[in-house]
Amino acid sequence: FAGLVRLHQRRAYAVARAIVLTHEDAEDAVQEGFLHAYRALDRFRPEQAFGAWLHRIVANAALDIARRRKVRDADELPESVASPRPQRDPAEALELRARLRDGLGRLSARQRAVIVLHDVEGFKHAEIGAMLGIPEGTARSDLHHARAALRRLLGELRSHL
C-alpha cells in the first residue's frame, strides 16, 4: 500500500487541491482519502483502475472538507494558474492573481473542481466524472457553467489585458 501511495500521491493532491481552497485542506483530503482507501481495499475490484478508484475517494474527501469549511481565506493560486506573461506589468499580474483567486473562491466546490481539473490539470470529462462521482455529461455542463460564472465574476478583466 505504501508503494501505491507513493505512486498516486501527487495526482491525488492535484485532485484534492482542485476542489479545496488551501494547501492544508488538500493535504487533509489526501490523508483522509488514503486512509479510507486502505480501509476499503477489500472492496476494490481488480477490473477497476486503482488510480481512478482512489481519485474518486480523494475527491469525495475534498468535497466533504469543502462543505465543512464554507468561509475561509484563499491561498495563493499555483503558478500554473496565474503565472504572468513576461512582458506583463507586475502590478497587472498581482491584479490578475487577486481577481482569479477571488473568482475561483466564489465558485462552488464542484465548479472549482471541474474547472481546475480540466483546464489546469488536463483531465478529460470522463475522468472528472469518475473522480467526482458524476456523469460525464454533468462534468461537461458543470465546466461550461463554471467558465461562464468565472467570466461574469472577472467582469472587465479581459478588456484591460
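Biologist: Which helices do the buried residues of α1 pack against?

Modeller: This is a predicted model, in which local features need pLDDT of at least 70, side-chain atom pairs count only at pLDDT 80 or more, and totals for chains, interfaces and linings use all residues. Residues are numbered from 1 along each chain as its sequence is written, and side-chain values use heavy atoms, leaving out hydrogens and water. Helices are DSSP runs of H or I, at least four residues, numbered from the N terminus. Buried means under 20% relative accessible area with a 1.4 Å probe, protein chains only, and contact means heavy atoms within 4.5 Å. Here, the buried residues of α1 pack against α2 (23-39), α3 (50-68), α6 (109-120) and α7 (125-132). Among those buried in α1 are Val 5, His 8 and Ile 19.

Biologist: Where is the kink in α1 centred?

Modeller: The bend at a residue is the angle between axes fitted to the seven residues ending there and the seven starting there. In α1 the kink is about 50 degrees and is centred on His 8.

Biologist: Which residues touch the most other members of the largest nonpolar core?

Modeller: In soluble globular proteins, nonpolar side chains tend to be buried together. A nonpolar core is a set of buried Ala, Val, Leu, Ile, Met, Phe, Trp, Tyr and Cys residues joined through side-chain atoms within 4.5 Å. Of the 45 residues in the largest one, those touching the most other members include Ala 16, Ile 19 and Ile 115. Helix α3 gives the largest share of this core, eleven residues. Not counting residues up to four places away in sequence, Ile 115 touches several residues, including Leu 104, Leu 143 and Leu 150.

Conventions
Helices (H or I, at least four residues) and strands (E, at least two) are DSSP runs, numbered from the N terminus. Buried means under 20% relative accessible area, exposed over 50%, partly exposed in between (1.4 Å probe, protein chains only).
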